Structures are given as structure tokens and as C-alpha cells.
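Here is a short tour of one protein model, written for someone who likes to know the cut-offs behind each term. Please keep the viewer open as you read.

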Amino acid sequence: MTLRVQILKDKFNQSLGLPFKELLPESVIRLAISELKIKYKKRLFDPLITLWAFLSQVLDTDKTCHNAVSKIIAHLAESEVEVPSTDTSAYCQARARLPEKLLEKLFNYSAHNLEERVTQEHLWCGRNVKVIDGSTVSMPDTVENQKEYPQPSTQKAGCGFPIAKIGVVFSLATGAAIALCIDVLNTHDIKLARRLYSFLKPNDVLLGDRAFCAYADMVAITKLGCDVVFRKHQSRTTTIRKGKIVGDCDKLVTWYKPKRCPQGLSKDEFLALPSAITVREIYYYIAIPGFRTQRVSLITTLLDKATYSTLEIVGLYGKRWDVELNLRHIKTTLGMDILRCKTPSMIRKEIHVYLLAYNLLRSLMWSAGTTYNTPPNRLSLQGTRHHLLNFIPKLETAHSQKRFSLYRSLLKIIVHKVVPDRPGRSEPRVTKRRPKAYPRLTKPRHELRHQLQTA
């Protein structure tokens, strides 16, 4: 067993370890294991090998545990040592033994490491911009998942799936996921956001839609030494008459503290809020056919018009759409939309591994773009994933000097797939391919089976 473990560790360094050595080296994984005081037996599926298999599982289109175990068997078979059983129980038990804190720590490290590679030329007006948004993921319909993450109340029992709400902060410069929180479906975005503010660093700019535009939150973020650019909440009326005009469609206005304590704030937190704050309101019109909104009002704490012009802020909010694309990459391209694990603990682990794999792909894109003078965010994440999966077998079998040459070739090929810039592009949200004309599930399956048997 010791020989097999050593062989797999060598394979890890040669395959996934090589492309990601700058972002997630083996030494970092071992340090995290040591800091968390994780004890494990010397067996085939130790934390390092289990993590490698878990990452390969979420990156692959075939996400079954059987496929992950088959890859490990293929590594062992090539080395002419005794191969283990194809049964997946040992691997599944090893995944369950991985602490959530370990995966969370590695995810945070991957985000921090990529952020440190951002240079001044990639910043917006010298500021690092973070984008925040919320989304949902569904999971298998098990008793444990339903208890922790209940299905929508409008669905009948046995006819729906458990759904979790996630809040994610992305870096606008790198596209990497910076922070994550997970809660039940009916959690409001603003509640998730308040758990993520601690990940902001001084001088950051937080970009978000109207759901995050709240008085208390803008105060909390500015106390951290950060600024915000939000779309104005729909409950606040827009009037051109009030405020100090500082430019075309640009003015300074005073917001007063709410008369009643908002939900989610304690009485002490509400009393600590200032009686009023000054914010900058910018409004503009969208005349592109296909867009749902004609007038947009932005609220920001960037009050210096000389440093942050009206057009700069409007242009920055236009990039907020990148967060929707990033979530689509994670949920649709990588396949996190429908999770596979059957317990809440494993669900949270699976989400963290998905985001870790996403950050690793972003790291490859960043390395490729900066090496070959191509904007990293214009590269195709799906294309990067395809190239990586196809190069891994070659990286495994090549000698050390050849592997470095293959890695450079991988970066060069990644920049061949540049996504075209299509400003103002609009597509109707309709599907052409019709689904199968099966009736909807309106009763639990066991009831329907009983009806068929007694009919």
C-alpha cells in the first residue's frame, strides 16, 4: 500500500500539481493539513490523493465516483503494481473524512494567491473591484438534505429537490471566487452579503445590484475603508430636484437613517448607525433594444468626481454582468447547478471543491494571458478546461524537462480561444429544442408506482 500511495503522489505532482503548482502546491496542502491537525492513516486514499480525485471529478464531464476511482486505478495499472478494487466505497468514505475546514482553507488560499498576482494595470482607477451576487443550487432529494436545505414551500413533498442559497464574491480583475457563504433558499441576498464583508480589504470597491443597496450596509462597508457602487433599490424614489448637482446626471444627495430598525440588524447595531450619510447618485438611460430597463440609477460612496468620473462609474457598473457569467461558468460549464452528494456536509464540501477547481482554471487563464499578452478574462473557461483535461495524460507520462515544455504549450494553446467582445449584445431568453412531453411529477413516486400496480 505504501508503494501505491507514493506512486499516486508522484502522479499528482506530474499532472494536476504541475499546472497548479503556483496556486495550490503540495506543500500548501500539507501545511493546511498540519495546521488543522488532521490525523489520517497511511492508506491509498489519504487527504492528498482524495483531494486530487475530488478535483478531477468536478472538472470532468463524467462526475461519477466510479469514473474518479477508475482514473486512480489507471495510474496504478500503468505503474505495474497491484490495483485496488473498483468498488467506490473506500473513495466515498475518504471524501467524507475530508474536513470542511480543509477545503474552505484551500479555497481561500487559491483566491488569495491569485489576487496577489494582480498588478496595477489590471485595477480600476487604482482600486481592486469585488463583485457580489447570490444564486441557488439543487441537490439530491434525501431526508438529510431536505432537513438542512428544504425545497421551496410551493412544491409538494416528494415532488421537489432541496435547494441551497449561495452568496459569492468575485474579483473583477481575475474573475476568481474570493468568498462564499451557504444558507437555506429563503435567505435574502443582503443577509448573505453581511457574512461576506469581512473578506473585503481596505481600498476595495464592492459592486452589486439593487438587492445590496441598503443604508446600514453602505455604512458598514465604508467603515472597512472600502467603497460601493450599487444600483439604487427600487423602494427608494428617484427625484432630480433634490441633491447637489456635480455634473450631467450626477449629484450628491443625503440619505437619512431609517426610522425603524431593518430586519437582520440588532438594536445596538441600529443605534450605532449615523443619522445621515452623503452618497452620489448617477442616473442614465439605456437605449439598446432588448434591454428590460430604460433608466438606471446608481448609488456610490465614490464622491470625488475628479478621480471617479461619471462615465467611469457607469462603465464599471456595466461590468457587473461579469458576475452573472462567472456564476454561469461554475453552475453550467462546470456543472455545479445540480449537486450529487447526499448529505449536507458533503454538499458543502462539493461546493467548495467546485469553487476551488474554478479558481484553478482561472489561475491557468491568468498565467496564459499574462504570459502571451492576452486579457485573461477574455479567454474561454470551457476551452481552458478542455485543454487541461486533454493535456493531463501527456503531462503524466513525460519526463521533467518535457513536462515544462508541455506546460508552456498548454498556456499557448489556451490563449488561442479568445471570446469576442460583443458590447450591447442581446438574445431573447427562449429555447428552441422542446423537452420530452412527459407529464409533471405531481405526487411522490412511490404513490404513482402504487397506482400503477393497483390499476
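Predicted model: local features only at pLDDT ≥ 70, side-chain atom pairs only at ≥ 80, totals over all residues.

Residues are numbered from 1 along each chain as its sequence is written, and side-chain values use heavy atoms, with hydrogens and water left out.

**The second largest pocket**

- The second largest pocket holds about 970 Å³ of space; a pocket here is an open set of points on a 1 Å grid over the protein atoms alone, where a 1.4 Å probe fits and protein lies on both sides within 12 Å along at least five of seven lines.
- That volume is the space filled by probe spheres set on the points, which are joined across faces, edges and corners.
- Its lining (residues with an atom within 4 Å of a point) has 32 residues, and Cys 213, Ala 214, Tyr 215, Ser 235 and Arg 236 lie nearest the centre.
- At least two lining residues come from each of α8 (189–194), α9 (215–223) and β7 (250–256), with β7 giving the largest share, 5 residues; helices (H or I, at least four residues) and strands (E, at least two) are DSSP runs numbered from the N terminus.
- Sorted by class, the lining has 12 nonpolar, 10 polar and 10 charged residues, where Ala, Val, Leu, Ile, Met, Phe, Trp, Tyr, Cys and Pro count as nonpolar, Asp, Glu, Lys and Arg as charged, and the others, Gly among them, as polar.

**Trp 255 in strand β7**

- Trp 255 is part of strand β7 and, at 5% relative accessibility, counts as buried; buried means under 20% relative accessible area, exposed over 50%, and partly exposed in between (1.4 Å probe, protein chains only).
- Leaving out residues up to four places away in sequence, Trp 255 touches Cys 213, Tyr 215, Met 218, Arg 236, Ser 275, Ala 276, Ile 277, Val 279 and Ile 299, with contact meaning heavy atoms within 4.5 Å.
- Thr 278 is 23 residues from Trp 255 in sequence, and their C-alpha atoms are 6.2 Å apart.

**Nonpolar cores**

- The largest nonpolar core has 97 residues, and Leu 106 and Ile 351 have the most contacts inside it; such a core is a set of buried Ala, Val, Leu, Ile, Met, Phe, Trp, Tyr and Cys residues joined through side-chain atoms within 4.5 Å.
- Helix α13 (residues 344–371) supplies the largest share of this core, 15 residues.
- Another core, of 32 residues, lies apart from it and includes Ile 132, Phe 212, Ala 216 and Leu 265.
- Beyond its neighbours within four places in sequence, Leu 106 is in contact with Leu 24, Val 28, Ile 29, Ala 32, Leu 51 and Leu 356.

- In helix α11 (residues 310–318), the buried residues are Thr 310, Ile 313, Val 314, Leu 316 and Tyr 317.
- These residues cover an arc of only 160 degrees around the axis, which puts them on the same side of α11; the arc is that of the directions from the helix axis to the C-beta atoms.
- Leu 311 and Gly 318 are exposed on the other side of α11.
- Helix α5 (residues 89–97) has Tyr 91, Ala 94 and Arg 95 as its buried residues.
- Those residues of α5 fall within an arc of 100 degrees seen down the axis, so they line one face of the helix.

**Positive phi angles**

- Most residues other than glycine have a negative phi.
- Cys 249, not a glycine, has a positive phi of about 55 degrees; Cys 249 sits in the loop between β6 (244–247) and β7 and is partly exposed, with a relative accessible area of 30%.
- Asn 373 also has a positive phi, near 55 degrees; Asn 373 is in the loop between α13 and α14 (381–397) and is exposed, with a relative accessible area of 73%.
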